[in-house]
Amino acid sequence: MQIRRDNEPDRVRRYTTDRQLQRIDDKIVRSVRLYAHQPEEIVQERLEELGREWSIERFLQINVAAVGLTTALLAVTRSQKWGWATCAGLGFFLLHATDGFDPPLPLLRQIGIRTRGEIDREIYALKALRGDFDGVEGGAREIDVPEAESAAQAVGVG
Amino acid sequence: MYSTHEHLEGDRVRRRTGRTAQLRIDETTRRNIRYYACQSRAALDDRIAELDRERDMEQVLETNASILALAGATLGTTVNRKFFLLTGTVLGFLTQHAVTGWCPPVPLFRRMGVRTRSEIDQEKYALKALRGDFRGLRQAGQPPRVEDALRAVEASTLSHANST
């Protein structure tokens, strides 16, 4: 059983084992190393693909809906006691929503399903290497309006 | 010139958000970027940590859905099976949300300004760039500095003790 990482803001990473985290982070490293040297169109395609990648939240939502609907149906048609199974599934999902843990989480992490934050780390490493942030020197001065505009543009709200 | 927001096109919640609500959310992100561009490094650090903790759309929706569905299931088990109708409806909508990115409470939360993780990360990475995290990755005549880019996007808290 994985203990809780108290300082981790990403609630899924909070309950992911060291080995699984290492593997997920290594995958980002490998992918960025590979795509950093690819032509622009390939990087572009990769970014679109990453944008469409299913985050772990969607898997967990479908999972709880499947479990909840099945047991609720059994509770209505067979024995009302099935309702306790519905309650348990939904209780865990509430725990996931607020703190992070959910029973299917270890399995999904084992097969490498990522959080949106993890996918975004890969996205922004590729964007930076492609030169999206070239107009932003950053760090040197305190006030810089044109740089703020470049940064906004680079992330897509410009 | 390539597009700079192709990575957002897969965000289904964005695609299904009304124009006014979407403009307002993007305007908020833009305003925050402009504001923090003029702040000290410490303020940027704090803001980036705060963004990592910001409650995103999935979390808000999941909390909301699980409370309603759980209330229905509890009442359905202890009082009257008809309450399972509430559980069924909510879970049906949750499935719809997972697949299409839309369900009835989404427009309400969007109007309240709840952002998706992709939108929060837009602000986060713009601020990281302004902090100088991506500085010097590309220099004329040299290969891109891949390892520096990777370091710049490392998880904010170093979670694994055995990381290199």
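**Conventions.** I worked with a prediction, in which local features need pLDDT of at least 70 and side-chain atom pairs count only at pLDDT 80 or more, while totals for chains, interfaces and linings use all residues. Residues are numbered from 1 along each chain as its sequence is written, and chains are lettered from A in the order in which they are written.

**Interface.** I looked up the contact first, taking two residues as touching if their C-beta atoms, placed from the backbone, lie within 7 Å, and found 70 residues from chain A and 67 residues from chain B. Helices here are DSSP runs (H or I, at least four residues), numbered from the N terminus; H1, H2, H3, H4, H6 and H7 of chain A each give two or more residues to the side that touches chain B, and H4(A) has the largest share, with 11 residues. I sorted that side of chain A into 33 nonpolar, 18 polar and 19 charged residues, with Ala, Val, Leu, Ile, Met, Phe, Trp, Tyr, Cys and Pro counted as nonpolar, Asp, Glu, Lys and Arg as charged, and the others, Gly among them, as polar.

**H7(A) against H7(B).** I then followed H7(A) to H7(B), residues 117-131 of chain B, and found that their axes come within 9 Å and cross at roughly 140°. The axes are lines fitted to C-alpha atoms over the stretch in contact, with angles from 0 to 180 degrees between N-to-C directions. The two helices are therefore oblique to each other, as angles under 35 degrees count as roughly parallel, over 145 as roughly antiparallel, 65 to 115 as roughly perpendicular and the rest as oblique. Among the residues that meet here are Ala148(A) and Ala151(A) from H7(A), and Tyr125(B) and Leu130(B) from H7(B); the residues of this contact divide into nine nonpolar, one polar and one charged.
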